Amino acid sequence: MTSDEKPELEVEGTGQALSGDDQPVADEKNIVLARDVFPNRLPIIPVHNRPIFPKMMIPMLIDDKPLKNLISELSQAKSKFVGLVLIRDRKSAEPGQKVHRSDLHTVGVIAEILQVGQIAEDAPIPVMFGALERFRIVSVATEEPFIVAHVNYVLETEMRDSDELKAYSLSIIQSIKELIKLNPLHKEELSLFMHRSDLNEPGRLADFAAAMTTAGGPELQDVLETFSIRARIEKVLVLLKKETDISRLQAQISKQIEEKVSNRQREFFLNEQLKAIKKELGLTKEGPEAEYERFAERLKALNPPEEALERINEEMEKLKLIEPTSPEFNVVRGYVDWLTGLPWGVMTKDSYDIASAAKVLNADHYGLDDVKERILEFLSVGIMKGNIAGSIICFVGPPGVGKTSIGQSIARSIGRKFYRFSLGGMRDEAEIKGHRRTYIGAMPGKFIQAIKVCKSANPVIMLDEIDKIGASYHGDPASALLEVLDPEQNRDFLDHYIDVRFDLSNILFICTANVMDTIPAPLLDRMEIITLSGYIRQEKMQIAKRFLVPKQFKAHGIKPGAVSITSAALREMIEGYAREPGVRGLENHIKRVLRKSVKTMVESKSRKKIMIDAKDIPGLLGKRTFSDETPFKTPRPGVATGLAWTRMGGDVLYVEATNVATGKPGFKQTGQLGNVMIESSEIAYTYVRSFLNDTPAAREFFQKNFIHLHVPAGATPKDGPSAGITMACCLYSLAMNVAIRKEHAMTGELTLSGLIMPVGGIKEKTIAARRAGIRHLVLPAANRKDFEDLPSHIRKGLKPHFVATFADVVSGCLGRKKK
């Protein structure tokens, strides 16, 4: 050890170091206050960014839960000491990051808790600490739930009267005064310090000066770890010199800015005076010039193509020449307003994160896994080629299955603006392509309006109810849509009002429809069809719990816990009142139930929780709309159960037949059947007679009986070929006096040769069978893949029977002959 070196814990001056278990001794000569007896074990609170220096007060927010518990306990204790130690690595200071001993510096300060703010579980605790003395961490006693360390203290009790230290102190004070001239904010801090200290405490003066600077955490920690007062002052003087240079540069920059601002203010006032003088002398006209400047300012932020820029400049020059009192002035102004209001070349940046898109779709919608997969495949292709455009998606499905909301989720997942308008009942092609400017009240079409509202040239535009678009003497909007929805043509879309070509190829178009039959074939050919079939009971239950009930609680002002709807109540609503494929009807019934509950709460003025169970539903919603009882409780000859596809999804269809002994053959059908279904019934009648021609009893039955086939729900129109095998089975069971097996339903087209042809709507029909409690499905063999592609939760519990001929149907569905 050289002469300049000091012992590890010895402080230059007369200070004395206490280490380990050494404590001040209270006797007649040395009286020590109880609060000044420091413990040798301290709980450590990590400090971010900058260390704390002794003899200073510092407010902090404590957010870590174990430390919050510690502060809460210490605020009630007699000894309120903690250790404040700076964290070494900034990464360790990130929220939620566990701090270990290796993350902390060795030297910190002991601090006393002076004041604790309001304690709340979900909010940080504000605490005022008073830093006292330095300490060094010797070892760590524990790191859980917070760090507790054994420490040795470095105390500065007195200072020697040294001219050298006084000179150092004066140097610090001189530097601080120079700093205050450049930055007056430190004046109050220095004033407070001088009231509480004097030049006989150079160590404390050095600590205060270091804390005043904007130096970084490592530099300040170096000062804190310097126990030699002379060496500490030297380091602080360097920091003060850097701080003075920074403040001087800052003052210079501020002065330059103020000069520029003053010049601008002077120019502004002179320009305003010049405008006023010109106005008084009649040298300027306010209207056209003001409009021209406004449009020119807009144009600076746009990047229009050459054709559009030429037209805009031409119209703006025309605007300057027209008198404001002229009728043409407003026409030109409105036209230029639209031209400069369109987002030429302005695009929103797409989010190419497929995981984020999947997360958004799953958060907004439950179920529909096959639909989500198709959407993610579509987005993946767009991500791969770098542009999510060029295709038109069309969601087809019954009402209430989430077609519109899925479109909104797609826009949100890729970070684009969303605009929706309905095509239902639209009969004028000018709604699509705009009006010509020769007409009074002319305006652009819906697409140009949508682009202006979105302020982006690549929004997501949803065309709702595209299957309900009309036509009249004003034109055919469906034909006008062909140009808009064709990726090869919409690059040069020409709106009649704008009369300048606008590129629509960057727009993602999403269409919705209930059925595809009424969509024109050329339009349908341009779209990628994604079918939404509807929800089964389990899916409706989850949708109601996750989305519908919380949404309606908020809409009706019901606080959490005031009303509870049990799962049994939701199941009763789904099975008895809302069997449609979508969830809109279910949501309406939930609204009715909550309205009645709110009325009860308001009338009774009671805060008692309302519990709604299954037994309460009939009293709130009335008699069940759907009954679990089938029209035919037990199987009997002449009755068959079929599966049908409707515009509202799938449904169960009953077919019944009876005979009248007339001595001669005959056949008729009722139930408001369409032409195709009538032909199917006649094919079924002819084929069954041919199929049973070798059976004497059946041949005689058809020769001597008039057969009447009826499809119930006669007020509902029905059509299609898929009930062919259902009607054939009905006639066969009547002729052979055999009942069709229970819980069997069928669908398939029958030919005159007895072959079973494939049909559509397998998913919708399967869902309808599940809702009706049917377990056995008779399906065409050619539809096997369609059934196997269905989600497992839809196929679960169902037993399919795939048939290729009518003979397969007979062997699989018909029971024994009834006696």
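Which residue lies over the face of Trp 338, at 4.1 Å from the ring centre? The legends below begin with this residue.

The model is predicted, so local features need pLDDT of at least 70 and side-chain atom pairs count only at pLDDT 80 or more, while totals for chains, interfaces and linings use all residues. Residues are numbered from 1 along each chain as its sequence is written, and side-chain values use heavy atoms, with hydrogens and water left out.

**View 1. Charges over aromatic rings.** Lys 452 lies over the face of Trp 338, at 4.1 Å from the ring centre. Arg 437 is placed over the face of Tyr 335, with 3.8 Å to the ring centre. A charge sits over a ring if NZ of Lys or CZ of Arg is within 6 Å of the ring centre and within 35 degrees of the ring normal.

**View 2. The crossing of helices α9 and α14.** The axes of α9 (residues 327-341) and α14 (residues 446-454) come within 10 Å and cross at roughly 65°. Axes are lines fitted to C-alpha atoms, for helices over the stretch in contact, and angles run from 0 to 180 degrees between N-to-C directions. Helices (H or I, at least four residues) and strands (E, at least two) are DSSP runs, numbered from the N terminus. From α9, Asp 337, Trp 338 and Gly 341 meet Ile 448, Gln 449 and Lys 452 of α14. By class, this contact of α9 with α14 has two nonpolar, two polar and two charged residues. Here Ala, Val, Leu, Ile, Met, Phe, Trp, Tyr, Cys and Pro count as nonpolar, Asp, Glu, Lys and Arg as charged, and the others, Gly among them, as polar.

**View 3. The largest nonpolar core.** A nonpolar core is a set of buried Ala, Val, Leu, Ile, Met, Phe, Trp, Tyr and Cys residues joined through side-chain atoms within 4.5 Å. Buried means under 20% relative accessible area, exposed over 50%, and partly exposed in between (1.4 Å probe, protein chains only). The largest core has 53 residues, of which Leu 423, Phe 447, Leu 463, Ile 466, Leu 481 and Leu 485 touch the most other members. Helix α9 gives the most to this core, with six residues.

View 4. Ile 466 is found in the loop between β9 and α15. Because its relative accessibility is 0%, Ile 466 counts as buried. Leaving aside neighbours within four places in sequence, the residues in contact with Ile 466 (heavy atoms within 4.5 Å) include Leu 423, Leu 481, Leu 485 and Met 527. Val 396 is 70 residues from Ile 466 in sequence and 9.9 Å from it in space, C-alpha to C-alpha.

**View 5. Backbone exceptions.** Most residues other than glycine have a negative phi, and most peptide bonds are trans. Lys 455, although not a glycine, has a positive phi of about 55°, and it lies in the loop between α14 and β9 (460-464). Lys 455 counts as exposed because its relative accessibility is 62%. Glu 465 has a positive phi near 55° and is placed in the loop between β9 and α15 (477-484). With a relative accessible area of 23%, Glu 465 is partly exposed. A cis peptide bond, with omega about -5°, joins Glu 144 and Pro 145.
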